[in-house]
Amino acid sequence: MEDTLTYLDNAATTQPLPEVVARMNEVLAESWGNPSSPHAVGRKAKAVLEESRAVIADAMGVDADEVYFTSGSTESNNLAIRGACLAHREHPGQIITSSLEHSSVTRTVRGMRRDSKWPCAYVEAPDGVLDLGQLRELLQAGPTALITMMRVQNEVGWIFPIPEVAALRDELAPEALLHCDATQSFGKLPTCPREWGVQLLTAGAHKIGGPRGIGILYVQRGVKMFTTAFGGNQERGLRSGTEPVFLAAGMAEAVRLAVRDGEANAKHAADLRERAIAGLCHEIGDVVIHAPAGGSPYILSFSIPGVSNAQSVRYLSDRSVFVSRASACEENHTTVAPGTWRGKHPLSLQAAGISLREGKETLRVSFFHQNTPEDVDRFVAVLAQCAREMRES
């Protein structure tokens, strides 16, 4: 393996920033108590926990008591959907989501339909454009309990118009709650639940240089929630379990840095993305770019006709270049109509208008501010060589 490491899979996880590691080590050494303990050691840990909560809340423009710590975005998505619906189970309405959501949302919604007979409906997003007309029709069709939509699509980087979704909700179903999975936007793009009209919002730390194992759920004050974890009554009874104070502090430090450098980081990511697109188009003339202008600057989705993404990922990895496949499903389906919602797995690339064949040729490259133009150039050069070799074989 070569000494040079080119890591471009930051939508999956980022390397913890040095400042974050230093802060976590400091808290582990000095504020290691149980924050629920009433003595001085516990109070010291509690102070760090609440300071961390306040930093994260301030970054979103919300109050600290509206922020709940969880183990990460997956748990937050589960808790948001199940907690909101079960709290209103006496008056159930439909759950509306999109066909492009992360599996932690789609599977939770599916579970509510299977286990609790909750009616569910799906809004299509052909070519990444959320069908607001279809959403209007669904909201008019019957009572709605919850709308759950992501802000940035994790595979292709499309940005969903959450404020417009909230406006439709306000017009047609003002009692419905709106949940936003902001995992791929928080700390990278402006994420403002109050301004958007969102009552529930999910975010994680490890997408922005923070640690794995910690995330948050924003719950607007006054929203009724049902807890899905019983025990020690931590996090004001919504999420029991002794809080990992050092992880919360690490997340807060990552958020602090993201807020400080947010505009510069986004511009840097946009420059890297444009450099990658230009390089791919120059070196691989028939490359198909799936990410349109106006998408997240941090994510680039593309496919190379006739070149398997599984083989590409292995070829790149063997040369210390790390990207990810964007294939939405590994099952042996041969034909699936665009937008089809399968019982076992949403084929989100196809739902976005990308064919099954293209899906098996699609790669996702994702950037972070630690990446350099040299990283992009090396990735393009190695991938171009990969494509040549595979096409010649």
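A: Let's start with Arg 236, which sits in the loop between S8 and H8. Helices (H or I, at least four residues) and strands (E, at least two) are DSSP runs, numbered from the N terminus. One thing to keep in mind: this is a predicted model, where local features need pLDDT of at least 70 and side-chain atom pairs count only at pLDDT 80 or more, while totals for chains, interfaces and linings use all residues. Residues are numbered from 1 along each chain as its sequence is written, and side-chain values use heavy atoms, with hydrogens and water left out.

Arg 236 is not a glycine, yet its phi is positive, at about 55°. Most residues other than glycine have a negative phi. Arg 236 counts as partly exposed because its relative accessibility is 41%; buried means under 20% relative accessible area, exposed over 50%, and partly exposed in between (1.4 Å probe, protein chains only).

Ser 320 also has a positive phi without being a glycine, in this case about 60°. Its place is the loop between H9 and strand S11 (321-322). Ser 320 is buried, with a relative accessible area of 1%.

On one side is strand S8 (residues 215-219), which runs antiparallel to S2 and is joined to it by 4 bridges. Thr 70, for instance, has Gly 215 of S8 as its bridge partner. Two strands pair if DSSP finds at least two bridges between them.

What does the sheet look like overall, and in which order do its strands come? It is an open sheet of 7 strands with mixed pairing, in the order S2-S8-S7-S6-S5-S3-S4. Its edge strands, each pairing on one side only, are S2 (67-70) and S4 (120-123). From one strand to the next, the twist averages 20°. Helix H3 (residues 73-87) packs on this sheet and touches S2, S3 (94-98), S5 (144-150), S6 (177-181), S7 (200-204) and S8, with its direction at about 165° to that of S7. Helix H6 (residues 162-172) packs on the sheet too, touching S5 and S6, and its direction makes about 170° with that of S6. Contact means heavy atoms within 4.5 Å. As for the angles, axes are lines fitted to C-alpha atoms, for helices over the stretch in contact, and angles run from 0 to 180 degrees between N-to-C directions.

Glu 253 is buried, with a relative accessible area of 14%. Leaving out residues up to four places away in sequence, Glu 253 touches Glu 19, Val 20 and Arg 23.

Those contacts bring us to helix H1 (residues 18-30), which packs with H8 at an angle of about 150°, their axes 8 Å apart. H1 and H8 are therefore roughly antiparallel: angles under 35 degrees count as roughly parallel, over 145 as roughly antiparallel, 65 to 115 as roughly perpendicular and the rest as oblique. H1 passes H8 in a right-handed crossing; a crossing is left-handed if the near helix is turned anticlockwise from the far one by less than a right angle, and right-handed if clockwise. Glu 19, Val 20, Arg 23, Met 24, Val 27 and Leu 28 of H1 meet a set of H8 residues, among them Phe 246, Leu 247, Glu 253 and Leu 257. By class, this contact of H1 with H8 has 10 nonpolar, 1 polar and 3 charged residues. Ala, Val, Leu, Ile, Met, Phe, Trp, Tyr, Cys and Pro count as nonpolar, Asp, Glu, Lys and Arg as charged, and the others, Gly among them, as polar.

Residues making the contact include Ile 81 and Leu 86 of H3 and Val 105 and Met 112 of H4. The contact of H3 with H4 divides into 6 nonpolar, 5 polar and 1 charged residue.
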